[in-house]
Amino acid sequence: MQGVRRYSPLTDGGGVTLELTTTTNSPLAIDVTESTEMRIRRLISENPVVIFTRSGCCMCHVMKRLLLSAVSVHPTVIQLEEEEIAALPAGAGDGAEDGGEMPAMYIGGTRVGGFESLVALHLSGGLVPKLVEVGAITEMVL
């Protein structure tokens, strides 16, 4: 996974600087002894909605926009290196037995699949109840 880079504070002074190193005592520290598979599984379990993507994946952007505009959810997005993609756990019936479908979205620790699976879940009316169930949103009243 690409490391977190250090950014200069925003001009208005309200920016945040985040630097993760192996020597920090921060709970956000990267454990270099943790395997890629374990790190990915941990990230899936710690985030109610997470999208794993690769560099330059335009469908990830579309998925983020759909979640934001349709149900006001801000997913955690993690960009994987090419050699890390195979470490993604496969989901039941999503056609990604090798873990290689990208982008890959997980809701509540369960693999939803890629963009087409997200759209199908949304159009079938199953997305909002799933997001409510994992606490990503409160029940929506239309």
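Visitor: What is leucine 67 in contact with, leaving aside its neighbours within four places in sequence?
Guide: In this predicted model, leucine 67 is in contact with Val49, Ile51, Ser72, Val73, Pro75, Met105, Leu118 and Leu127. A contact here means heavy atoms within 4.5 Å.

Visitor: Which residues have the most contacts inside the largest nonpolar core?
Guide: Leu67 is one of them, and the others are Val73, Met105, Ile107, Leu118, Leu127 and Leu131. The core as a whole has 17 residues. Two or more residues come from each of these elements: strand S1 (49-54), H2, strand S3 (104-107), H3 and helix H4 (127-133). H2 gives the most, with 5 residues. Apart from this core lies another, of 13 residues, and Leu43, Ile44, Phe52 and Met102 are among them.

Visitor: Why is methionine 105 called buried?
Guide: The cut-off for buried is under 20% relative accessible area. Methionine 105 has a value of 0%, and therefore counts as buried. You will find methionine 105 in strand S3.

Visitor: What does methionine 105 touch, not counting residues up to four places away in sequence?
Guide: Methionine 105 touches Val49, Val50, Ile51, Met63, Leu67, Thr110, Arg111, Val112, Gly113 and Leu118.

Visitor: Which residues in H2 and H3 meet?
Guide: On the H2 side they are Met59, Val62, Met63, Leu66, Leu67 and Ala70; on the H3 side they are Phe115, Leu118, Val119 and His122. By type, the residues of this contact divide into 9 nonpolar, 1 polar and no charged.

Visitor: How do you know that cysteine 60 is buried?
Guide: Cysteine 60 has a relative accessible area of 4%. Buried means under 20%, so cysteine 60 counts as buried. Cysteine 60 lies in helix H2, and, not counting residues up to four places away in sequence, it touches Ile51, Thr53, Val77 and Pro103. Cysteine 60 and methionine 102 are 42 residues apart in sequence, while their C-alpha atoms are 8.2 Å apart.

Visitor: What makes serine 72 count as exposed?
Guide: Exposed means over 50% relative accessible area. Serine 72 is at 55%, so it counts as exposed. Serine 72 sits in the loop between H2 and strand S2 (76-80).

Visitor: What is the phi of serine 72?
Guide: Serine 72 has a positive phi, about 55°, although it is not a glycine.

Visitor: Is histidine 74 buried or exposed?
Guide: Histidine 74 is at 65% relative accessibility; with the cut-off for exposed at over 50%, histidine 74 therefore counts as exposed. Like serine 72, histidine 74 is found in the loop between H2 and S2. Valine 50 is 24 residues from histidine 74 in sequence and 9.1 Å from it in space, C-alpha to C-alpha.

Visitor: And why is threonine 138 called exposed?
Guide: Threonine 138 has a relative accessible area of 67%, and exposed means over 50%, so threonine 138 is exposed. Threonine 138 belongs to the segment after H4. Its C-alpha is separated by 9.1 Å from that of valine 128, 10 residues away along the chain.

Visitor: In what order do the elements of the protein run from the N terminus on?
Guide: The order is α-β-α-β-β-β-α-α, with 4 helices and 4 strands in the protein. Of its 142 residues, 32% count as buried.

Visitor: How much of the contacts with a separation of 6 or more is accounted for by residues 24 or more positions apart?
Guide: Such residues account for 54% of those contacts.

Conventions. Residues are numbered from 1 along each chain as its sequence is written. This is a predicted model: local features need pLDDT of at least 70, side-chain atom pairs count only at pLDDT 80 or more; totals for chains, interfaces and linings use all residues. Side-chain values use heavy atoms; hydrogens and water are left out. Ala, Val, Leu, Ile, Met, Phe, Trp, Tyr, Cys and Pro count as nonpolar, Asp, Glu, Lys and Arg as charged, and the others, Gly among them, as polar. A nonpolar core is a set of buried Ala, Val, Leu, Ile, Met, Phe, Trp, Tyr and Cys residues joined through side-chain atoms within 4.5 Å. Buried means under 20% relative accessible area, exposed over 50%, partly exposed in between (1.4 Å probe, protein chains only).
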